[in-house]
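Subject: Handing over the structure

Dear colleague,

Here is the structure I promised to pass on to you. Please have it open while you read, and take your time with each part.

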Amino acid sequence: MTQPNEEMTVTDPYQVLVTEGTFGVLDDGVIAVETADWSNGLVAPMTQGALVVTGINTGYVGVTLLAQDSPPAELAADTWDEIAEVSLHAPTGNLQVESLDLGPVANDPALLTPSGPGWYRLRVHAQGRETLRDKTSMEPVEHYLLITWPGRWEDTVILRTSEDIERRLHTQLTNTVKGPTPLSESNPPTRRPN
């Protein structure tokens, strides 16, 4: 639960179209996929924004958004299969959940970046990723809760694990995930097509 003086914005669930097993938490539509850190198997932070890895390959998932001005006071682990927390950068302060094919699911970037441009922590809660692994589902069988709050860069933290995350972590040489590598001028990030 949040403290009474803590500001937050929570949404009703959105249906987000997933293609090729991902949807974005993108700042101004930038997809810097070549900088993505896929090591934890649930959320891949990039130099700008992040990609969320789904169980289904194609179809719709349910996503609820919660933006706060400070870290959550409690961990809602009982109802979620997997929970991971990463740092992400929003240099324009226009961080939004996006289908990589259809664009933003809401037209209010303040939902995820209430403090404007800067660094945020993103906690991704997932439920149902094993239900239809690598299949298509036009009805959501997977659900996600995304919580953001302003915060400096910190290592990735796995708060609740699954066999999938355990497999990915086992293949890593270390459990410490490094931050995204800055892009060079000769390798700019791509933008989602309009």
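The model is predicted, so local features are described only where pLDDT is at least 70 and side-chain atom pairs count only at pLDDT 80 or more, whereas totals for chains, interfaces and linings use all residues. Residues are numbered from 1 along each chain as its sequence is written, and side-chain values use heavy atoms, with hydrogens and water left out.

**The whole protein**

The protein has one helix and 15 strands; helices (H or I, at least four residues) and strands (E, at least two) are DSSP runs, numbered from the N terminus. Of its 194 residues, 50% count as buried, where buried means under 20% relative accessible area, exposed means over 50%, and partly exposed lies in between (1.4 Å probe, protein chains only). The accessible surface comes to about 9600 Å², and 50% of this belongs to carbon and sulfur atoms; such areas come from the Shrake-Rupley method with a 1.4 Å probe, and for residues only the protein chains shown count as cover. Among contacts (heavy atoms within 4.5 Å) between residues at least 6 apart in sequence, 80% join residues at least 24 apart.

Five strands form an open sheet in the order 5-6-3-9-10, with antiparallel pairing; two strands pair if DSSP finds at least two bridges between them. Strand 5 and strand 10 (103-104) stand at the edges, each with a single partner strand, so one side of each is left without a neighbour in the sheet.

Strand 6 (residues 50-53) pairs in the antiparallel sense with strand 3 (residues 22-27) over four bridges, and three bridges join strand 6 to strand 5 (residues 43-45), again antiparallel. V52 in strand 6 is the bridge partner of F23 and also of V43, while A50 is the bridge partner of P45. Strand 5 and strand 6 form a hairpin with four residues between them, and G49 in the turn has a positive phi of about 80°.

**Strand 7**

Strand 7 is mostly covered, with nine of its 11 residues buried. Strand 7 pairs with strand 2 in the antiparallel sense over five bridges, and in this pairing V16 has V61 of strand 7 as its bridge partner. With strand 12 (residues 136-137) strand 7 pairs in the parallel sense over two bridges, G59 having S137 as its partner. The pairing of strand 7 with strand 13 is parallel too, over six bridges, and there L66 stands opposite I147.

**Salt bridges**

The structure holds four salt bridges, each being a side-chain nitrogen of Lys or Arg within 4 Å of a carboxyl oxygen of Asp or Glu. Which residues are linked in a network of salt bridges? They are E85, R121 and R123. The side chains of R121 and E85 meet at 3.0 Å, N to O; R121 is in strand 11 (residues 118-127) and E85 in strand 8 (residues 82-90), 36 residues apart. R123 also forms a salt bridge with E85, the closest N and O atoms being 2.8 Å apart. R123 lies in strand 11 and E85 in strand 8, so this pair ties together parts that are 38 residues apart in sequence. R121 and E85 are both buried, and R123 is buried as well.

Another salt bridge joins R133 and E130 (2.6 Å, N to O). R133 is partly exposed at 24% relative accessible area, and E130 is partly exposed at 49%.

With best wishes
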